Amino acid sequence: MHPFVGRQPELNALDALLEAPASGVTSVEILGDPGIGKSRLLFETVSRAAARGFTVLSGRAGEFEHDQPFGMFLDALEDRLAELSEEEVAALGARHLRALASLFPALTDWTSAEPSPPGGRRALYRAVTAALETISGPRGTVLALDDLHWADGASVELLTHLLRRPPAGPLVLLLAHRHRQLPDKVAAVLHEPVPVAARRMELLPLDFAAAQHLMADTPHLHQRRARHRAAGGNPLYLQLMARGGPNQTAGDLNGALLAEFTRLSPTARLVAQAAAVLGDQVEPGLVAVAADLPPAVALAAAEELFATDLLRAAGTGQRVAFRHPLLRNAVYHSASPLWRAAAHGRVGRALSDRGAPISVIAPHVARSAVLGDAEALRLLRAAALDALVHAPATAASWLRAALELHAEPHDRLGRELRIELGHALMLTGNGAETREVTTSLLQTLPADQVELRLRATALYATASRFLVWPAETKAVLRAELRRLSDRDELAAAVIWLLMANLELVEARFEAAAAAAGEVLRHRPTGPDCPVRCAGLAMLAWCYPELGKATEAVRLLDEATELFDRITSTRNNAFFGMANIVPFVEVIGHLRLDSGLHRLRPVLRQAEEFGHLHFSTEVLAVIAAAEAARGQLATVVDMAEEAVDGARMTGAGPLLVSALASRAAVAFDCLDLDVIERVHREVGTLPGSAQSPHSGFMALSRALLRRQAGLHGDLAGAIDQAGGPELSRMLYRGRLRLYAELAELAAAEGLSAEAGEWAERAEELAEDALPWSGAFAALARAHAHQCAQRPGSALPCAEFAVRALTTAGMPVLAARARMAAALAHAALGERGRALSELDSAAAIFAECGATRHTELVTRQQRKLGRRVTAAGPRTAKHSPLGLTRRESEIADLVAQGYSNRAIAERLVVSGRTVETHLGRIYQKLGVSSRTALAALLTQQPGASQPSPTATAPPAAEGRPRGG
């Protein structure tokens with residue numbers, strides 16, 4: 001190995017990082033030109049990390065292994081997982097082991113007695129995270145991934161998951177790649193609005209002083225200078241030129257790479273080419289097969305390759321690798337294409353005889369099969385189906401290869417392959433290619449091939465639903481309807497259902513209801529007909545938005561009865577059709593508990609199919625619904641995971657929807673910080689202002705800001721939500737926010753306005769949905785309380801408590817108890833008021849609603865009860881010498897909170913805040929809030945104030961709608 005020179009500053013920086021690794025994930029990009037020394041720097045760094053007590057894992061992507069799913073992670077983890085101890089296996093647990101065994105064959109011995117579990121990419125990613133936690137060393141884990149620019153799509157997606165949701169304990173990711181070739185999905189994570197801890201290290205050419213150490217065998221100074229100039233300071237090129245002899249120049253770098261190769265014996269060259277066919281890490285037993293030589297002859301020739309350092313030992317066992325990936329590339333292409341194809345064919349057959357996994361065989365088949373090879377086509381199609389759930393990009397690659405082998409692209413098999421390719425592309429998030437494939441199909445398919453046309457149309461419309469080309473897609477659907485004969489009623493019903501779904505994406509409820517009516521008009525029948533079931537549910541979704549809640553409940557009764565009879569269909573083209581039923585139950589809060597009971601199996605099914613778009617959508621809906629049911633202690637991670645899944649898909653509208661669910665969870669948790677973060681991110685996404693979710697996010701943010709004593713443009717947010725009618729919001733959201741608006745108006749002493757919001761809620765409430773009446777009653781309770789009519793407020797609040805409890809919304813029911821407590825207190829019934837507050841506090845504690853508990857504590861203190869604030873009162877000092885409480889107050893001051901708002905947030909008195917603030921000024925030597933904020937923002941890791949919260953709250957006018 002050549003001397004390691006010229007990289008001491010970079011090595012020192014990595015040493016410092018390893019000396020005190022941060023908790024969570026820290027990524028370091030190491031980038032530069034080919035041969036600049038990225039791999040050598042990784043080698044030196046991981047050697048030092050191992051000596052420090054880190055678990056060290058190293059993986060490399062291969063230039064010719066783009067279609068090997070999870071290739072980088074197989075390289076990095078397989079050997080270590082094969083050595084798991086019994087204690088580590090027990091720590092992982094059966095569920096994670098089964099998921100890992102689908103990727104790492106070495107683990108199958110631990111899971112032989114277990115059935116294969118359902119679960120898709122997320123289940124596997126969680127299992128890999130658990131494995132990294134289990135094998136982590138005393139200092140943490142260093143995961144070095146080389147040649148990231150060649151990584152397969154599945155490896156890239158798993159890497160983005162680890163960046164966003166890393167294992168517990170320090171994880172240092174070393175990511176080596178070429179200039180401007182970092183995979184887009186990884187780059188997106190490293191540059192998100194809330195990025196991971198990321199560093200960037202660019203390797204520059206060696207200067208002449210450092211380069212001289214690599215040219216010790218070149219005696220003359222002028223020759224060394226000439227070579228340094230010719231090689232541009234690139235270490236690899238300098239070595240190659242030196243190996244080529246004293247007169248070697250850089251005129252032919254490929255020739256320089258092959259200089260040693262051409263001096264080998266013919267048999268050794270043949271064995272080197274066979275090794276290049278096998279991959280970056282080569283199993284010697286297969287080299288003889290690829291070279292078509294007797295094993296003894298191949299082994300003798302391999303010794304020559306080791307002697308010249310073209311091949312080296314790699315990893316554990318008997319695997320070997322080329323000295324450098326560029327050398328493998330040059331050797332591979334030195335063989336004729338016909339010889340390479342034959343060698344791949346021999347390897348593929350040998351692997352098949354061994355019973356190797358189909359994912360290992362398929363790359364060799366794809367490179368060796370010829371047009372018309374039916375067996376190769378069958379194998380590639382089977383491999384694509386096998387890879388679809390975990391690695392859809394790989395599945396798409398193999399389906400393309402299968403299509404190239406098929407001589408008749410327009411026969412039924414060719415068209416089915418293209419439909420399967422379109423489905424795989426949709427699962428990768430590649431909307432443009434999905435549209436291209438399905439459009440081409442629809443242009444060439446005869447009108448009488450109704451079943452194939454319907455599958456292609458459904459695929460096109462499903463992709464559009466997640467990736468949004470609504471106008472174009474509706475035109476395609478109408479054209480398909482015109483092609484159908486009167487006998488094709490089921491096909492017409494399916495197309496109308498797809499049309500209704502697109503209308504719902506744009507919140508066009510009248511148009512969606514009309515399309516759903518057409519679904520039923522075409523009379524799809526049968527005890528297991530998912531189309532009729534979905535049509536009924538679609539109407540039930542639309543009707544509350546159109547003032548027909550009673551009719552919606554009746555339709556949903558019929559839809560759920562039908563849904564419960566339908567068995568799982570396994571037809572990917574129509575996946576999710578009947579599953580709209582539990583969506584409607586949950587999204588419309590028509591039946592929250594039963595809807596969640598039906599929706600959880602839908603999530604498992606979506607993950608089993610590998611449908612990341614749909615499973616992400618389901619997960620986001622479940623998260624928001626569980627928050628409404630008061631599961632605040634556990635639901636935050638679920639909501640964050642839904643956002644991560646939406647980012648993986650690359651589908652902008654789906655990301656907006658997932659972020660809206662995250663905001664809904666944050667609103668239920670009264671978490672203004674998260675809502676601010678979501679608001680900033682949504683603002684960067686194209687088309688977000690037109691999203692039907694934008695009104696809710698704007699209004700919930702404005703409400704929480706006003707409640708916290710910060711400036712919030714409530715009037716503007718109401719306009720964004722559709723004016724006082726809140727017409728750009730879903731029915732349930734309108735009712736909930738009418739109650740919130742009435743409560744805020746009452747808190748600000750705006751009695752008339754609180755009454756007007758209550759009146760709007762009462763006009764909207766429907767007897768068929770008791771919880772809707774609960775929100776109206778709660779809004780009216782706030783209005784009565786503000787008007788100093790506690791006797792009228794109390795029965796309204798008590799009705800809301802009962803109805804919301806029955807509806808399974810405990811946090812909101814506890815909020816209604818607080819309203820009842822206010823009424824009791826105003827009536828002079830202190831004991832009953834405190835009893836209601838105690839009940840509310842118990843519910844909040846059980847649900848993990850910590851900020852709501854602070855609100856209760858504030859009311860209890862107003863009633864004269866001494867309450868100790870939860871949480872420790874002392875903590876380690878901050879770097880500025882502040883106590884924990886002083887640090888909390890200083891951070892809130894820097895974010896623009898007033899003293900009153902800080903007191904309410906921390907559940908302390910205003911005088912306490914003033915006392916602490918005086919001590920803070922004295923300790924830090926500042927005399928104003930502005931100076932304090934400026935000082936804090938200079939501190940490493942300090943909280944950064946929101947751009948909209950850098951000044952004390954300003955007065956504003958009355959919100960519209962009164």
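Okay, hi everyone. Before anything else, what you see up there is a predicted model. Let me start with the whole chain. We have 962 residues, and 57% of them count as buried. In terms of secondary structure, the chain holds 48 helices and 8 strands. The exposed surface comes to about 39300 Å², with carbon and sulfur atoms supplying 53% of that. And if you take contacts between residues at least 6 apart in sequence, 68% of them join residues at least 24 apart.

Now, the rings. How many aromatic pairs does the count come to? It comes to 5. The one I want to show you is Phe667 with Phe696. Their ring centres are 6.1 Å apart and the planes sit at 85°; edge-to-face means over 60 degrees, so this pair falls in that class. Which helices does the pair link? Phe667 belongs to helix H34, residues 652-668, while Phe696 belongs to helix H36, residues 694-707. That puts the two 29 residues apart, so to speak joining distant parts of the chain. Buried or exposed, then, for Phe667? Buried, at 2% relative accessibility. Phe696 has a relative accessible area of 18%, and because the cut-off for buried is under 20%, Phe696 is buried as well.

Elsewhere, ring pairs tie Tyr731, Trp771 and Phe775 into a cluster.

Arg225 places its charged end over the ring of Phe208, 4.4 Å from the centre. Then there is Lys548, which lies over the face of Tyr543 at 4.9 Å from the ring centre.

Last stop, helix H28, residues 530-542. How much of H28 is covered? Most of it: 11 of the 13 residues are buried. Among them are Val531, Cys533, Gly535, Met538 and Trp541. And what does the covering? The cover over those buried residues includes helix H26 (489-505) and helix H27 (509-521), along with helix H29 (549-565) and helix H30 (580-587).

That's what I had, thanks.

Conventions: Residues are numbered from 1 along each chain as its sequence is written. This is a predicted model: local features need pLDDT of at least 70, side-chain atom pairs count only at pLDDT 80 or more; totals for chains, interfaces and linings use all residues. Side-chain values use heavy atoms; hydrogens and water are left out. Helices (H or I, at least four residues) and strands (E, at least two) are DSSP runs, numbered from the N terminus. Buried means under 20% relative accessible area, exposed over 50%, partly exposed in between (1.4 Å probe, protein chains only). Contact means heavy atoms within 4.5 Å. Accessible areas come from the Shrake-Rupley method with a 1.4 Å probe; for residues, only the protein chains shown count as cover. Rings of Phe, Tyr and Trp (its six-membered ring) pair if their centres lie within 6.5 Å; planes under 30 degrees apart count as stacked, over 60 as edge-to-face and the rest as tilted. A charge sits over a ring if NZ of Lys or CZ of Arg is within 6 Å of the ring centre and within 35 degrees of the ring normal.
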